[in-house]
Amino acid sequence: MLKKAVSSAIALFALSALLLAQPKNLEALKGKTVPDFRLRDLDGKVYRFSQFRGKVVLLNFWSPY
């Protein structure tokens, strides 16, 4: 559980940094790639962000703790 929480926290930090550093003109982000990272689902299956290249992805971070 601790590993999952740490992984989620790291991913959230990375995404937050990207969002906070975004330029005022979102067109400048067009064509840029997000750094690859891995997340584990509730069943333990690991997903790499790069698996979803070219698709719209919604990440919903939550924790029951």
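Modeller: The discussion below takes up the terms one by one, for what is a predicted model.

Colleague: What is the secondary structure of the protein?

Modeller: The protein comes to one helix and two strands. Read along the sequence, these elements follow the pattern α-β-β.

Colleague: Why is the contact between Asp 36 and Arg 48 called a salt bridge?

Modeller: A salt bridge requires a side-chain nitrogen of Lys or Arg within 4 Å of a carboxyl oxygen of Asp or Glu. Between the side chains of Asp 36 and Arg 48, the distance from N to O is 2.4 Å. That value lies within 4 Å, and therefore the pair qualifies. By this rule, the count comes to one salt bridge.

Colleague: What does the pair tie together?

Modeller: Asp 36 belongs to the loop between helix H1 (2-20) and strand S1 (38-40), while Arg 48 belongs to strand S2 (residues 46-48), so the pair ties together parts that are 12 residues apart in sequence.

Colleague: How do you know whether Asp 36 and Arg 48 are buried, partly exposed or exposed?

Modeller: Buried means under 20% relative accessible area and exposed means over 50%, with partly exposed in between. Asp 36 has 37% and Arg 48 has 43%. Both values fall in between, so both residues are called partly exposed.

Colleague: Why is Gly 54 called exposed?

Modeller: Gly 54, found in the segment after S2, has a relative accessible area of 82%. This is over 50%, and therefore the residue is called exposed. The C-alpha atoms of Gly 54 and Thr 33 are separated by 10.0 Å, with the two residues 21 residues apart along the chain.

Colleague: Which residues form a nonpolar patch on the surface?

Modeller: The patch is formed by Phe 52, Val 57 and Leu 59, which together have about 200 Å² of accessible area.

Technical notes. Residues are numbered from 1 along each chain as its sequence is written. This is a predicted model: local features need pLDDT of at least 70, side-chain atom pairs count only at pLDDT 80 or more; totals for chains, interfaces and linings use all residues. Side-chain values use heavy atoms; hydrogens and water are left out. Helices (H or I, at least four residues) and strands (E, at least two) are DSSP runs, numbered from the N terminus. Buried means under 20% relative accessible area, exposed over 50%, partly exposed in between (1.4 Å probe, protein chains only). Patches are made of residues with over 30% relative accessible area and no salt bridge: like charges are joined within 9 Å, nonpolar side chains (Val, Leu, Ile, Met, Phe, Trp, Tyr) within 5 Å. Accessible areas come from the Shrake-Rupley method with a 1.4 Å probe; for residues, only the protein chains shown count as cover.
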